[in-house]
Amino acid sequence: MIKIKAVYIGDATESFVERNFSDGINVIYSMDNNRGKTVLMQGIMYTLGALPTFPSSFPYRDYIYIADLNINNKNILFINTGGLPLF
């Protein structure tokens with residue numbers, strides 16, 4: 001079983017952290033556009049190795065992505081630097 005514990009997306013000047021996942025099914029929604037729903041979901045997939053499918057206006061190579069997962073009761077961090085140095 002895979003549980004998403006947290007997702008971190010950011011660079012040296014800004015960051016987005018989502019830690020409000022609960023056990024069970026989570027629904028990502030907003031009544032407005034441009035709130036980060038697509039970037040959040042695509043960021044998780046990109047961190048896990050999927051080809052980037054971000055909106056064309058989003059400079060995804062400028063950010064670092066971290067997915068904090070629990071897989072079969074083991075905590076694992078997946079990191080994709082998008083080519084940026086981690087430190």
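1. Gln42 counts as buried because its relative accessibility is 17% (buried means under 20% relative accessible area, with a 1.4 Å probe and protein chains only). Gln42 sits in helix α1, residues 37-47 (helices are DSSP runs of H or I with at least four residues, strands are runs of E with at least two, both numbered from the N terminus).

2. A word on the basis: this is a predicted model, where local features need pLDDT of at least 70 and side-chain atom pairs count only at pLDDT 80 or more, while totals for chains, interfaces and linings use all residues. Residues are numbered from 1 along each chain as its sequence is written, and side-chain values use heavy atoms, leaving out hydrogens and water.

3. The side chains of Gln42 and Thr53 make a polar contact of 2.2 Å (a pair of N or O atoms within 3.5 Å; within protein, one must be able to donate a hydrogen and the other to accept it, and residues adjacent in sequence count only if both atoms are side-chain atoms).

4. Now to Asn70, in strand β3, residues 64-71. Asn70 counts as buried because its relative accessibility is 15%. Its side chain has a polar contact of 2.9 Å with the side chain of Asn75, and a polar atom of the Asn70 side chain lies 3.1 Å from the backbone nitrogen of Asn73.

5. Asn70 also stands opposite Asn75 in β4. Strands β3 and β4 pair in the antiparallel sense over 7 bridges (pairing needs at least two DSSP bridges between two strands).

Key
Buried < 20%, exposed > 50% of the residue type's maximum accessible area, 1.4 Å probe, protein only.
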